[in-house]
Amino acid sequence: MQRFPESFGQMLRGFQQSRVLLTAIELDIFTAVGDGADARTVAGRADTDVRATESLLNALVALGLLSKSSGQYSNLETARLFLVAGSPADARLALMHNVDMWRSWSSLTDCVRAGTAVGWRSVEERDDRWTEAFIAAMHHNAATRAEQVAEAIDLHGPARILDVGGGSGAYSIAFCRRDPTIEAEILDLPTVVPIATRHVSEAGLSDRIHLRAGDMLTDSFGKGFDLVILSAICHMLSHEDNVRLLAKAHDALASGGRVVIQDFILSDDKTQPVAAALFALNMLVATKQGSAYSEAEYRDWLDQAGFRAGERIALPGPTDLVVGQR
Ligand SMILES: C[S@@+](CC[C@H](N)C(=O)[O-])C[C@H]1O[C@@H](n2cnc3c(N)ncnc32)[C@H](O)[C@@H]1O
């Protein structure tokens, strides 16, 4: 009998490694390991079964996240840095979004049959724990990228920005930090605005970044902006809604103003890069009509919305910018 290629076997069972990590995050196992502990102590702290916890800990050792010596488990570097309460780059809340993604990805087969997310719920319908993790994940992604975007766009004040679906406010914060004469308005859902308010206040920018609770699809954007930011927004929407959204952005801009789209951008045949091809499915399982789109599609929508030819700006990492000018 012919054997499967090794890479095929790894792809087939890749979910096991992912699930071990997600369960450890969900149970806060790395915090329970703390400065070093045996399986019984970890199980006591995590309120889990001792035998099962030992198997989980051993797998985490095999995966290189923990070490084990004389029955004592210790966090290795990645775990110590990101996965322990109070660690220097504690990312546990943001990583909980991956735990939530597992649930939606488990419905992929049904979604492919149905052509849309089955059991879809809007951001507004989610509980606080889900929303906090979702926005923390967005904020974590934006940690380095927001500065790169602000640098690439190089906006000079005095200027007004509209940050549509601004999430944590990371992009508005990055632009405002670069120039004290820039002001921004973040439009997001009522359940997300309190989280953005917190981030903006922590950044000391409450006097220049204003928060507006509303719906980007139905509410007016206002007028006279120099920049409209659509970061990680277009992938939630259908072609038709994207054209409508870009037309609203066009109306909201002053002459010469720019719209900045940040997103995963697929090759023309929609098969590359891998991260974008997978992200299209992430949107299939998580939204009614979202997807990942190609540069040609973004250019076409910008054109339909009345913008001058879109310019693509490559960024480090999985997402790029497409910029249109009014
Ligand atoms: C993927 S997140 C992107 C957040 C942020 N722009 C970033 O790049 O970090 C999408 C954002 O759009 C917001 N959103 C979704 N539907 C919306 C709607 N109908 N009106 C306003 N905001 C919405 C979500 O609450 C969330 O903050």
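**View 1. Residues around the ligand in the predicted model.** The ligand is surrounded by 17 residues, of which M138, G165, G167, M216 and S231 are the closest; a residue counts as near if its C-beta atom, placed from the backbone, lies within 6 Å. This is a predicted model, in which local features need pLDDT of at least 70 and side-chain atom pairs count only at pLDDT 80 or more, while totals for chains, interfaces and linings use all residues. Residues are numbered from 1 along each chain as its sequence is written. Helix 8 (128-153) and strand 4 (182-188) each supply at least two residues of the shell around the ligand; helices (H or I, at least four residues) and strands (E, at least two) are DSSP runs, numbered from the N terminus. The shell around the ligand has eleven nonpolar, four polar and two charged residues, where Ala, Val, Leu, Ile, Met, Phe, Trp, Tyr, Cys and Pro count as nonpolar, Asp, Glu, Lys and Arg as charged, and the others, Gly among them, as polar.

**View 2. Helix 8 against helix 9.** The two helices pack at an angle of about 35 degrees with their axes 8 Å apart; axes are lines fitted to C-alpha atoms, for helices over the stretch in contact, and angles run from 0 to 180 degrees between N-to-C directions. Helix 8 contributes H139, A142, A146, E147, V149 and A150 to the contact, and helix 9 contributes A170, Y171, I173, A174, F175 and R178, with contact meaning C-beta atoms, placed from the backbone, within 7 Å. By class, this contact has nine nonpolar, one polar and two charged residues.

**View 3. Helix 11 against helix 13.** Helix 11 (residues 239-252) and helix 13 (residues 295-304) pack at about 50 degrees, with their axes 8 Å apart. From helix 11, N242, V243 and L246 make the contact, and from helix 13, W301, L302 and Q304; by class, four residues of this contact are nonpolar, two are polar and none is charged.

Conventions. Contact = placed C-beta atoms within 7 Å.
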